[in-house]
Amino acid sequence: MTLPPDLLLTVAGERLRAARPDLSARVNPVTPHSLLAAKEQIQEDAADGRTGGVSAVAVVRDLQLASWAAETCAFVLSLPPEQADAWSRSLTRTVYLAGRPDNLSRRFTFTHIAADGSAAWAGPLPDEATTGLRRLLKTFSGRRPLTAWRPVIIDVPGTARDPGREPVHRDLYLATEHLTVSDALVHLGHLLAEAVIDGTVGPGDRLTLRSVPRLTELPTPYAALRVDTDGRNPYELRAYAGLTPPRRTEVPKAPPSTVARPLRIGVHGSPHQARQIVAAAGYEEERVSYVPYDVRKPFRLLRAGELDVVLVKFALNESDIVTSRTVALDGRAVLVRTGHPLAGHESVSIEDITAYDAFRCPGDFPPYVWDQVVPPRTPRGAPIRRVHPMGSVADMVEILGGSDALHLSFRSLEAIVPPGIRVVPVPDLPPAPVSLARLRHTPPPPEVAAFLAAAERSAGR
């Protein structure tokens with residue numbers, strides 16, 4: 001697989017924008033220079049405690065790369081979601097120090113200590129919380145050039161938290177050319193931490209750690225890439241590490257069960273409409289699992305093989321995804337706080353919303369779809385101010401509750417909005433067509449194909 005400079009710029013830019021949307025202007029256009037400046041800003045924010053910046057501190061006694069990688073995953077898996085999210089916004093910044101965790105555990109609080117005492121992690125916390133530890137210890141010195149090794153298996157600790165997610169097997173590649181041991185810690189650490197946080201790597205997964213001179217020499221596609229400035233030229237980018245798509249057949253399986261695995265349907269926001277589609281298709285609830293997905297990465301779970309289908313609105317133009325025929329319609333509406341000037345209306349026109357701030361396209365969500373969810377202009381040509389970051393439903397509700405912002409969305413959200421938020425119909429926008437998306441090049445299992453056919457038949461009646 002070739003990794004041209006434009007692809008590396010895209011990967012690095014998307015990573016930064018997803019973590020810190022407020023710095024998007026700094027990486028527009030995306031260049032190695034703008035990425036470097038944005039990274040320096042994030043480091044300054046973490047050091048000053050601004051924007052909730054945090055960092056982790058890793059204390060390393062001795063290093064065996066495979067066991068260190070497994071313990072890194074264990075550390076990240078131990079973090080509560082809010083702490084992991086704050087660390088993600090700081091680009092999983094980590095300081096590596098040399099020391100003996102067993103001699104330090106009485107004086108300092110560690111979040112995770114490796115079972116063999118070879119390493120320990122503190123934080124992620126604002127820098128001032130780990131000042132004493134960082135002043136006491138020296139930076140971990142791993143100046144020795146990294147040499148190639150035979151492939152080694154890494155079993156990610158823990159048991160799966162989501163019964164619908166089966167463990168997977170991925171290859172984990174590290175490019176060793178001109179890399180030191182310290183460099184390996186940094187690049188592998190970032191890749192693994194972010195893969196655990198976004199769910200690409202989970203408990204029970206198996207990783208085969210492989211060394212190659214450069215990632216560009218492999219024909220393998222990548223599910224995740226670690227891209228950073230080239231150590232020999234700060235104005236060029238390099239791919240340092242990569243995770244491949246899953247290989248399920250190599251993961252040890254549990255003994256066959258007499259109970260069929262539920263059909264996994266990805267939903268964002270409310271599962272209410274998905275339940276209606278399931279019922280209309282003649283399926284019982286116990287045969288289905290509704291799995292929330294992050295609107296910032298709407299197809300990650302589907303592409304990782306962790307979902308069978310995803311409920312989507314409007315037409316998709318993704319090369320690896322195909323959709324069913326329309327199985328439902330979802331009326332349009334705006335979400336506002338109860339004290340909002342539009343909250344007392346029985347319905348509003350799309351032209352009425354231009355006086356208020358709306359939400360911009362989130363993360364990796366397809367912009368061409370978002371332009372139909374929240375159009376850049378009304379039918380009469382008035383601009384819609386798409387300014388607020390879109391994340392989870394809870395994040396959206398917090399913004400709506402504290403301002404006169406609104407979200408142009410769908411009536412199906414009436415089933416989940418909390419008190420204090422009103423869903424007001426927008427009748428002059430046509431309802432959104434709803435369909436079920438699946439992977440294009442992976443034939444659906446018989447039970448999934450049967451469900452898709454039943455859903456399409458029920459919609460046609």
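Q: Leaving aside its neighbours within four places in sequence, which residues is S211 in contact with?
A: The model is predicted, so local features need pLDDT of at least 70 and side-chain atom pairs count only at pLDDT 80 or more, while totals for chains, interfaces and linings use all residues. Residues are numbered from 1 along each chain as its sequence is written, and side-chain values use heavy atoms, with hydrogens and water left out. Contact means heavy atoms within 4.5 Å. Under that rule, S211 is in contact with A148, W149, L174 and T176, its neighbours within four places in sequence being left aside.

Q: Why is S211 called buried?
A: Buried means under 20% relative accessible area, exposed means over 50%, and partly exposed lies in between (1.4 Å probe, protein chains only). S211 has a relative accessibility of 16%, and therefore counts as buried. The residue belongs to strand β8, residues 206-212. Helices (H or I, at least four residues) and strands (E, at least two) are DSSP runs, numbered from the N terminus.

Q: What separates the C-alpha atoms of S211 and L146?
A: These C-alpha atoms are separated by 9.5 Å, and the two residues are 65 residues apart along the chain.

Q: Why does S458 count as buried?
A: Its relative accessibility is 14%, so S458 counts as buried. S458 has its place in helix α12, residues 446-460. Apart from neighbours within four places in sequence, S458 is in contact with A280 and A281.

Q: How many helices and strands are there in the chain?
A: The chain has 12 helices and 21 strands. Of its 461 residues, 49% count as buried. Among contacts between residues at least 6 apart in sequence, 78% join residues at least 24 apart.

Q: What is it about M396, V397 and L400 that places these buried residues of α11 on the same side?
A: M396, V397 and L400 are buried in α11. They cover an arc of only 100 degrees around the axis, and therefore they lie on the same side of α11. The arc is that of the directions from the helix axis to the C-beta atoms. The face turned away from the buried side of α11 carries the exposed residues A394 and E398. The cover over the buried residues of α11 includes β16 (332-337), β17 (358-359), β19 and β20 (421-425).

Q: How many cavities of 30 Å³ or more does the structure hold, and what makes a space a cavity?
A: Rolling a probe the size of a water molecule over the atoms shows where empty space is left. On a 1 Å grid over the protein atoms alone, a cavity is a set of points where a 1.4 Å probe fits but cannot get out, and lining residues have an atom within 4 Å of a point. Grid points are joined across faces, edges and corners, and a volume is the space filled by probe spheres set on the points. The structure holds 2 cavities of 30 Å³ or more. The largest cavity contains about 460 Å³ of space, and the volume of the second largest cavity is about 100 Å³.

Q: Which residues lie nearest the centre of the largest cavity, and what classes make up its lining?
A: The lining has 29 residues, of which H268, Y293, K313, F365 and F410 lie nearest the centre of the largest cavity. β13 gives the largest share of this lining, 4 residues. Ala, Val, Leu, Ile, Met, Phe, Trp, Tyr, Cys and Pro count as nonpolar, Asp, Glu, Lys and Arg as charged, and the others, Gly among them, as polar. By class, the lining of the largest cavity has 20 nonpolar, 7 polar and 2 charged residues.

Q: Which residues line the second largest cavity?
A: The second largest cavity is lined by A12, R15, L16, L35, K39, L91, V227, D228, T229 and L237. At least two residues of this lining come from each of α1 (5-19), α2 (32-48) and β9 (224-230).

Q: Why do L91 and T92 count as buried?
A: L91 has 8% relative accessibility and therefore counts as buried; T92, at 1%, therefore counts as buried too. L91 is found in the loop between α4 (81-89) and β2 (94-98), and T92 lies in the loop between α4 and β2. Phi of L91 is near 60 degrees, a positive value in a residue other than glycine. T92 is not a glycine, yet its phi is positive, at about 50 degrees.

How values were computed: 1 Å grid on protein atoms, 1.4 Å probe; cavity = no way out; pocket = protein on both sides within 12 Å on 5 of 7 lines; lining within 4 Å.
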